[in-house]
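Subject: Structure handover

Hello,

Here is the structure I said I would pass on. My notes on it follow below.

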Amino acid sequence: MRKKAHMVLFVLVCLICTGCGGIDFRHDVPRDYALSQEAVQSTLRMEDLPEEEEPSVDFLMEEIYPYARGTLSEAEQIWYRDMERILGSFGEQINLSREGLDAGLDESSIDRIFQCVLSDHPELFYVDGYSYTKYSRGEALTAVEFSGSYNVDLDTALERQETIRIASEQILSGIGAGASDYEKVKYVYDTLIRQTDYDLKASDNQNIYSVFANHTSVCQGYAKATQYLLNKLGVECTLVLGTVETGEGHAWNLVKVDGDFYYVDTTWGDVSYQMEEASPEESAAGNGEPAMPEINYDYLNVTTAELLRTHSIGGQVPMPICTAKEANYYVREGGYFSFYDREQMEALFRTAVESGRRDVTIKCAGEACYREIVEGLIDGQEIFRYLTGEEGKIAYAQNEKQLSLTFWVTNE
């Protein structure tokens with residue numbers, strides 16, 4: 001009598017869970033959300049493999065910049081495309097390609113590939129995890145069935161997709177067709193900061209819906225919205241995961257401007273997040289400190305060396321070493337100093353006043369330059385040569401980690 005061949009089936013569920021923290025810009029104590037994953041495993045026995053289902057909807061953008069996919073091997077990219085198809089169609093219980101198994105892939109590859117898919121696709125706002133089922137005959141892996149885990153049902157996801165489309169089109173209508181890469185990145189950075197408030201309690205704050213529909217989010221929402229808009233503008237942009245100097249998890253972006261890579265952290269550009277967890281003594285309302293300008297440019301197109309002063313790169317996707325400075329905000333806007341050049345300083349403040357700006361930020365190339373400018377502008381009160389306080393007081397903030405100084409006029 002022939003014995004029945006039993007199949008061993010393993011099920012693994014991965015859920016994405018997050019928490020968040022705040023930041024104090026003036027004292028360089030940044031804190032943000034932490035990423036974690038939880039897994040549950042069980043063992044069952046089945047006689048037959050599941051049948052594959054065809055997708056009925058497609059949420060994926062027509063054009064993406066698959067930076068993360070490019071870091072995978074040719075074999076891994078087979079399952080990457082499978083997961084794109086499954087997650088983009090709200091799919092469940094669909095077999096990953098046999099071609100991937102034949103190329104040597106197994107369950108140990110799934111999480112890295114899944115994270116790469118999410119890194120490349122901010123429009124998968126409804127995905128919050130995955131599960132898989134492994135089928136084996138003896139020691140041989142015969143199939144892997146993959147399912148997405150979704151935070152809303154299909155009808156709700158379609159409604160939210162339309163909300164995101166309308167909101168993003170309204171934002172993108174504000175930039176001219178002939179804008180340069182730098183202008184596009186700065187426009188998205190400025191616009192998202194002005195339209196979004198950092199809020200630890202914001203709903204859907206790990207995806208782009210929180211930004212485009214509710215205008216409140218935390219770092220992953222900011223970063224994915226930045227990626228989503230820049231990709232639509234034709235600028236290569238991907239998600240970066242890591243930690244900040246307090247050890248808490250954080251998310252920001254890698255962008256390509258005029259052929260060179262830079263880091264952009266839209267969250268840290270938004271002053272609204274700075275006092276999210278501040279004590280009453282630290283808050284502006286509590287101590288009477290003048291309100292800071294709403295945008296901080298210390299993290300608009302920075303090098304790896306500048307980023308690593310406060311951030312640590314982590315996640316599943318390897319990042320390049322960024323060394324270019326030509327598209328850095330301060331370099332491009334004339335606010336980057338290698339020494340205390342008073343003619344350059346005068347021109348910088350004159351341009352700001354003529355354009356109606358009430359704040360000016362300068363960045364120094366090194367510690368010696370920074371100390372020289374602090375001694376001149378603040379200790380020597382030379383700031384009054386460039387910016388008058390006729391309409392109010394002159395306030396300032398220092399960021400010693402990034403060697404920058406911000407001055408602004410306030411009536412408070």
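**Helix α7**

Helix α7 covers residues 219-232, and its 14 residues reach 20 Å from the first C-alpha to the last, close to the 20 Å expected at 1.5 Å a residue. Of those 14 residues, 13 are buried, so α7 is largely enclosed by the rest of the structure. Just after α7 comes G234, with a positive phi of about 85°. Please keep in mind throughout that this is a predicted model.

**The chain as a whole**

The protein chain contains 14 helices and 18 strands. It has 412 residues, and 52% of them count as buried. Among contacts in the chain with a separation of 6 or more, 68% are between residues 24 or more positions apart.

Going through some of the pairs:

- β10 (residues 237-244) pairs with β14 over three bridges, in the antiparallel sense. G242 has I313 in β14 as its bridge partner.
- β11 and β12 are antiparallel and share five bridges; K256 stands opposite F261 in β12. The two strands form a hairpin with two residues between them, and D258 in that turn has a positive phi of about 50°.
- β12 and β13 run antiparallel and are joined by two bridges. Here Y263 stands opposite V302 in β13.

Strand β12 is mostly covered, with four of its five residues buried.

**The four-strand sheet**

A further open sheet has four strands in the order β15-β16-β18-β17, and its pairing is mixed. At its edges stand β15 (336-337) and β17, each with a single partner strand, so one side of each is left without a neighbour in the sheet.

Helix α13 (residues 367-379) lies across β15, β16, β17 and β18 and runs at about 25° to β18.

Within the sheet, β16 (residues 359-364) pairs with β18 over five bridges in the antiparallel sense, and K363 stands opposite S404 in β18. Strand β17 (residues 393-399) runs antiparallel to β18 (residues 404-410), and seven bridges join them. In that pair, I394 stands opposite V409. β17 and β18 also form a hairpin, with four residues between them; L403 in the turn has a positive phi of about 55°.

As a general point, nonpolar side chains tend to be buried together in soluble globular proteins. The largest nonpolar core here has 79 residues, of which W79, Y126, F146, F212 and Y263 touch the most other members. Helix α1 (residues 74-88) gives the most to this core, with seven residues. A second, separate core has 22 residues, including C364, Y370, I378 and L387.

Two of these residues already have a place in the account above. C364 of the second core lies in the β16 range, residues 359-364.

**Around Y126 and S149**

Leaving out residues up to four places away in sequence, Y126 touches F59, L87, G88, F90, S149, Y150, N151, V152 and A157. One of these, S149, is found in strand β7 (residues 140-150). Is S149 buried or exposed? S149 has a relative accessible area of 19%, under the 20% cut-off, and therefore counts as buried. The S149 side chain also makes a polar contact of 2.8 Å with the side chain of D128.

Regards

Methods:
Residues are numbered from 1 along each chain as its sequence is written. This is a predicted model: local features need pLDDT of at least 70, side-chain atom pairs count only at pLDDT 80 or more; totals for chains, interfaces and linings use all residues. Side-chain values use heavy atoms; hydrogens and water are left out. Two strands pair if DSSP finds at least two bridges between them. Buried means under 20% relative accessible area, exposed over 50%, partly exposed in between (1.4 Å probe, protein chains only). A polar contact is a pair of N or O atoms within 3.5 Å; within protein, one must be able to donate a hydrogen and the other to accept it, and residues adjacent in sequence count only if both atoms are side-chain atoms. The expected span of a helix is 1.5 Å times one less than its number of residues. A nonpolar core is a set of buried Ala, Val, Leu, Ile, Met, Phe, Trp, Tyr and Cys residues joined through side-chain atoms within 4.5 Å. Contact means heavy atoms within 4.5 Å. Axes are lines fitted to C-alpha atoms, for helices over the stretch in contact, and angles run from 0 to 180 degrees between N-to-C directions.
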